[in-house]
Amino acid sequence: MQQNIVRTRDVTKTYRMGKVEVHALRGVSLEVRAGEYISIMGPSGSGKSTLFNMVGGLDKPTGGKVYIEEVDVAQLDAYELAWLRCRKIGYIFQTFNIIPVMTALENVTLPMVFAGLTTDEARDKGVELLGRVGLGDRLSHKPFELSGGQQQRVAVARAMANDPSLILADEPTGNLDIKTGTEIIELLKQLNKERGVTIISATHDHKMLSASDRIVWIRDGKVDRIEERGDIKIEVGTIEGES
Amino acid sequence: MSQPQADARNAQTRIGKQVMLPWSKAVEIAMKSIKVRFWRSMITMSSIILAIAFLMSIWTSAAVTASLASAPQRRIDAVKEELRIVRDAIAAVQGARPRADVEQLYAGDVAAARERTNDSIRDHREALETALGEEKAKLNTEIARLEATLDPAKSLELLRDYLADERRGLEKTKGELDATLQQERVGSEAEETDAAAPEGAAKTTRAAAGGITPDFLRQMSPTDKWLAILALLVCFVGIVNAMFMTVQERFREIGTMKCLGALDAFIVKIFLIESAALGFVGTLFGISVGLILSVVRQWLVYGRPVFTYFPLVNIVVAGAMAAVVGLVLSILAAIFPARNAARMEPVEAMRIEE
């Protein structure tokens, strides 16, 4: 059965900046099927990060509904929301957001600790995950001892910690150069293929396009158009200037 | 299909509830957190130490000064009290009935005693009459002694002599103390009070000082009171600022932890343990440092009397108050911003730092 892992209905978000109201989202309806690799594309300020936050339950929409596995996120209490963030969703950020005072391994095991795994179980699984992203020899390195690409790999491993069914990536390649960015995209694609993890990635990096099953173009807080992979074949292989 | 109902059902079946991790896990994470940012923790703790040391030193020196200032007065009061007792005793002796009255009062007893003595004399005499000459002489002296004890005038004289001696001694002490007090007032060194004080008087006053009301702020001079309150304010601002800063710079971390599935209460728990640990150790150090520095300074200024009149109870009270201030402030100043950050949506918490 083809299932919608994420569904949004007329999601709006309004920020108040002093007296001015900023409409970041003006009614976004979107359906993401399980196992898809979706890119949300759009220029800066188009609202794609805001949409990302709504989908991930990191922020509350002003209007409309967000469903994750057909469950209304707004209906969840704090415990259920924490459970959802812990086990159902893995997050990857542009700024990596790995905890600077912890080692790579500690960063990866943290979500497992929150999920209630014992220290030993968490460590074993953390070692395995870091090995999978190619950092098997960097377990006890602190973030400042790692390059940007390696830090983002730690973040990917951390996102996978509790075997989520959905990975949300907000500009995962935004702070990386072309080569490492491509590596991260390949890593995500690999996870998508091998494990069937749904990936939603907000980006304006055109390298993402070739990996995506569908691309959602956002403009001025609205869905501009949705393209299937087949429609954008022409762009595959084109080397774009790094944004 | 009716969506809301389906949602409600799904919410029950598919979404679990995150469990609260036990305190031991929170302690583990908090201790690790202090350890990994050891130097940052030390800086936070050093501001707690400084603040509490300042507070404690001001309070200690105020308490010591107050004790030194009031010590001579307390000693004089004690001597006066003793003098009064002696004076009462003397008055009682002097105002006693004249000898005849006393004799009359005890006439019965005296008569009985005399009777017994007379009997004994008679017995002895009878014995003596048949005994040797030396024995007779011995018994005669004993008779004389026995007769002497019957005289009430003699014992009164003895008591009077004793009280007079005591009075002379106390008046001498009082004279010396008055002189010292005079010197104190003129502004001379406090050391001489110590030298002039007889050991007994010093002991009584120290015992009296120990029992004094624990509200040492009451004994302080207005200047000292003002300083003590200022120190409290400075301490307050110092600790609150330090703890706010440490939490503020970890807002992003709080947001990240929420993304990874930490419960608000668990984050608050971690910060509670961290700030309590820092606050506890910092406060302990601060109290010791402040106390030692302050006592050394007082000792250099006033010398040995600082220890003779050491206001132990007041210092302990001041220490306890400083401990409460330090611990409560560090915990509250960390918990409130941490709680606010934990309650925010993760994105907001992560955005704040940028």
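The contact between the chains takes 29 residues from chain A and 27 residues from chain B; two residues are in contact if their C-beta atoms, placed from the backbone, lie within 7 Å. This is a predicted model: local features need pLDDT of at least 70, side-chain atom pairs count only at pLDDT 80 or more, and totals for chains, interfaces and linings use all residues. Residues are numbered from 1 along each chain as its sequence is written, while chains are lettered from A and ligands numbered from 1 in the order in which they are written.

**Interface, side of chain A**

- Strand 5 (71–72), helix 2 (78–88) and helix 3 (104–114) of chain A each give two or more residues to the side that touches chain B.
- Helices (H or I, at least four residues) and strands (E, at least two) are DSSP runs, numbered from the N terminus.
- Helix 2 of chain A supplies the largest share of this side, 8 residues.
- By class, the side of chain A that touches chain B has 18 nonpolar, 4 polar and 7 charged residues.
- Nonpolar covers Ala, Val, Leu, Ile, Met, Phe, Trp, Tyr, Cys and Pro; charged covers Asp, Glu, Lys and Arg; the others, Gly among them, are polar.

**Sheet**

- Chain A holds an open sheet of 6 strands, in the order 6-7-8-3-9-10, with mixed pairing.
- Two strands pair if DSSP finds at least two bridges between them.
- Strand 6 (89–92) and strand 10 (222–228) of chain A are the edges, each pairing on one side only.
- From one strand to the next, the twist averages 15°.
- Strand 9 (residues 214–219) and strand 10 of chain A run antiparallel, joined by 6 bridges.
- A:R219 has A:K222, in strand 10 of chain A, as its bridge partner.

**Helices on the sheet**

- Helix 1 (residues 48–55) of chain A lies across strand 3 (37–41), strand 7 (166–170), strand 8 (198–203) and strand 9, at about 150° to strand 8.
- Helix 5 (residues 148–159) of chain A lies across strand 6 and strand 7, at about 170° to strand 6.
- Axes are lines fitted to C-alpha atoms, for helices over the stretch in contact; angles run from 0 to 180 degrees between N-to-C directions.

**Positive phi in loops**

- A:D163 is not a glycine, yet has a positive phi of about 45°.
- A:D163 sits in the loop between helix 5 and strand 7 of chain A.
- A:D163 counts as partly exposed because it has 13 C-beta neighbours inside 10 Å.
- A:E171, also not a glycine, has a positive phi of about 50°.
- A:E171 sits in the loop between strand 7 and helix 6 (178–195) of chain A.
- A:E171 counts as buried because it has 22 C-beta neighbours inside 10 Å.
- Buried takes 20 or more other C-beta atoms within 10 Å of the residue's own, exposed 12 or fewer, and partly exposed lies in between, with C-beta atoms placed from the backbone.
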